[in-house]
Structure formats: C-alpha cells, structure tokens
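Trainee: Please take a close look at one part of this model for me. I would like the contact between the two chains, and what lies on either side of it.

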Amino acid sequence: MDTVRHNTGSLDGLSLAGPGDYYGLMKPRVMSLVVFTAMVGLICAPTSMNPFMAIASILCIAVGAGAAGALNMWYDRDIDAVMSRTKKRPLPAGKVSPSSVLAFGVVMSMVSVLGLSIAANYLAAGLLAFTIFYYFVIYTVWLKRRTPQNIVIGGAAGAFPPMIGWAAAGGGITFESLVLFVIILLWTPPHFWALALYKQGDYGKAGIPMMPNAKGAKSTRLQIFIYALVLAASCAYLATTSLGSSLYIAVAGLLNLTFIVLAFKVWRSHAGDDVMGLDEASLYKVKIGEKAARNLFAYSIIYLFALFGIIAASHLLSGFGV
Amino acid sequence: MSDPYTPEIEGYHEPTAEELVARKKRNLGIAFGLFSFVILVFLLMLYKVGVAG
C-alpha cells in the first residue's frame with residue numbers, strides 16, 4: 001500500500017501564529033525610528049516628491065527595515081532565547097517556525113526593494129537592498145558575535161534610512177545626506193553601550209562580545225563620552241550645510257549639551273562594574289551608575305527623534321522664509 | 001476493510017479549532033498583503049503613466 005507523508009512543517013501540528021506575531025518579527029520600535037529618519041531625509045532633499053509616491057516610498061523603506069529585522073531574528077534565535085530582553089520574541093517563544101520567519105524575511109525584502117524601485121528610483125532601491133544585506137550579512141552574521149566593534153560598524157545599517165529617503169526624493173547622494181548618515185552612525189555606539197552597561201550579564205550569557213564584557217565597563221564609559229563629543233561635533237558640522245539654520249543651531253545645541261552631560265555622568269559613574277565581592281557602599285555606586293546609563297539610553301532615543309524633527313522643521317520653515 | 005487504492009496518511013495531525021482559526025487569520029493576512037501590494041503597484045503605474053503622458 002502507498003504511504004503519503006503529510007508534511008505540516010512541524011510534528012506538533014499547525015502554527016498558532018497570527019499576523020500580530022509576524023508584525024512583531026519586524027521590530028516595530030526600530031522600524032518607527034527608520035521610518036522617521038527616512039521621512040526627514042525625504043523632506044529635506046532639494047527635490048520635491050509627489051505626496052503619494054513619498055508615502056509609498058516610506059512604506060517600502062519600513063517594510064525593508066522590518067524584513068531585515070525578521071532575518072536578524074531568524075539568525076539570532078539561539079541567542080535571543082537566552083537573553084531576558086529578547087526571549088519573549090515570537091521565535092524563541094515558539095510562536096513561529098524558523099523556516100516561516102526566513103521565508104517571511106526574504107519575501108518582504110524582495111517586495112520592499114521592488115516596490116521602492118517603482119515608487120522612487122533605482123538608486124534608492126539599491127541603497128535599501130544594500131542596507132538589508134549590510135544589516136543581515138555584515139552585522140548579524142559576521143560582526144555581532146565576533147568583535148566588540150559590532151555596533152560601531154553595524155550601526156551603519158541603521159544610518160542609511162535618511163540617505164535612502166533623500167535618494168528616493170531624487171536628491172541622489174550629497175554631502176548633506178552623508179552628514180545625516182554620520183550623525184546616526186555616531187549616535188549608535190553610545191546608545192547601545194549605555195544599554196549594554198546595565199544588561200551586560202544578558203549579553204555575556206549569550207556570548208556576544210559587547211564592549212562592556214569585552215573591554216570592560218571603564219573603557220566603555222570613556223568611549224561613550226568620547227562618542228558624545230564627536231556626535232555633537234558632527235551635529236555642529238551639519239549647521240554649515242544647507243540644512244543649517246539658527247533654529248537648528250539653538251535646538252541641536254541644547255540637545256547635544258544634555259547628551260554630553262548625561263554621557264559625562266555615565267563616564268564618571270561605576271555603571272557596569274563587576275559587583276562580585278563589593279561592599280554595600282560600592283554596590284550602591286554601581287546601582288547609581290546603572291541609573292545614569294538607563295537615563296542616557298532613554299534620552300538617546302528622544303534625542304534622535306528631536307534632532308531629526310528639528311532638522312525637518314527648520315527646513316520646512318525655511319521654505320516659508322522663517 | 002480499508003480501501004487499497006486510498007493511500008494511508010502517516011503522521012497526519014488533525015488541526016484543532018484553535019489552529020484552524022490561526023491559519024485562517026494568517027491566510028487573511030497574506031491575502032490582504034498581496035492585495036495591498038498589487039493595488040500599490042497599480043496606483044504607482046497609473047501615476048507614472050499619467051506623468052509620462
């Protein structure tokens with residue numbers, strides 16, 4: 001008698017995953033930052049774009065970023081399962097199968113690049129394709145588990161969206177779009193290292209060589225402060241381009257000053273220090289330091305939204321002669 | 001007696017009501033996604049043809 005093997009993909013039966021779980025695979029919070037910075041790039045480009053085409057382009061960039069996030073979750077499912085921050089993600093939680101996530105990521109990547117090539121142009125589509133490739137292959141597969149500089153080099157993937165938005169509007173690749181790229185590139189290390197200072201146990205458990213567990217908390221705190229200074233310098237440099245205005249200088253100056261103060265507090269703190277064998281007073285200092293790191297991490301998110309918000313606002317206001 | 005011409009299915013899992021509901025939701029999600037993509041491409045083409053014309 002003939003025997004047919006019924007392949008459900010899993011011996012436990014059909015998946016219980018719903019569309020919401022697939023949406024969760026796209027890292028919605030990261031996607032919101034990508035959408036916002038891409039939109040700023042699109043608004044600030046010297047060439048204007050039809051609103052419908054602009055919305056379609058932003059949608060494609062968002063889907064592309066989400067697809068890269070899904071591919072990252074597919075590859076990192078082993079380490080996500082051991083970190084408290086990521087163990088509730090759809091894959092380690094067992095809601096979706098790895099093959100479904102891989103298929104979802106690949107299909108969404110192709111759809112987003114194809115969509116952007118139709119909605120905008122081949123340059124923007126090419127940049128989006130390169131960003132997905134960079135985030136997945138260069139950062140996730142190659143660097144993340146090998147070097148403590150993973151965030152520094154991998155941060156470029158998150159820095160491309162304003163360039164893609166700028167290119168989508170037909171502005172090509174210009175000096176201004178490169179400075180926007182550099183700002184996010186320099187923002188990424190202090191942002192992630194602040195998180196790593198109070199979550200280094202998590203990263204250590206997963207075997208990821210983040211800066212605090214690879215080079216020590218003291219070195220990381222100093223580097224955070226240095227990056228905060230260089231970031232402020234790159235923001236000052238943007239003021240010399242066509243995107244600079246007195247409104248931008250005032251707001252960006254205030255934002256960077258606060259960033260530097262918070263980074264200084266982290267540098268002078270004991271955040272991330274080894275707590276083994278410490279007395280109560282020293283333990284308290286570490287706790288205070290971790291609070292400073294948490295403050296910097298939370299502020300860095302507000303900082304980026306506010307900075308890019310003011311870049312777009314001052315550009316739009318300059319159109320009205322303000 | 002079983003029908004000799006009907007193959008016996010090995011490892012078949014009878015879907016539960018919960019699994020069927022989840023599958024229906026996924027199917028609707030895929031249908032909505034594909035439909036939206038087709039409409040988006042269609043509208044973009046209409047716009048581009050309009051601009052070129």
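Mentor: Two residues are in contact if their C-beta atoms, placed from the backbone, lie within 7 Å. This is a predicted model, where local features need pLDDT of at least 70 and side-chain atom pairs count only at pLDDT 80 or more, while totals for chains, interfaces and linings use all residues. Residues are numbered from 1 along each chain as its sequence is written, and chains are lettered from A and ligands numbered from 1 in the order in which they are written.

Now the interface. Chain A puts 24 residues in contact with 22 residues of chain B. On the side of chain A, the elements giving two or more residues are β1 (3-5), α1 (19-25), α3 (51-75) and α5 (98-119). Helices (H or I, at least four residues) and strands (E, at least two) are DSSP runs, numbered from the N terminus. The largest share, four residues, comes from α5(A). By class, this side of chain A has 14 nonpolar, eight polar and two charged residues. Ala, Val, Leu, Ile, Met, Phe, Trp, Tyr, Cys and Pro count as nonpolar; Asp, Glu, Lys and Arg as charged; the others, Gly among them, as polar.

Turn to the partner. Chain B holds one helix and one strand. Its radius of gyration is 22 Å, well over the 10 Å that the globule rule gives for 53 residues, so chain B is more spread out than a compact globule. That radius is taken over C-alpha atoms; the rule is 2.2 Å times the number of residues to the power 0.38. The C-alpha atoms of chain B fill a box of roughly 70 × 30 × 15 Å along the principal axes.
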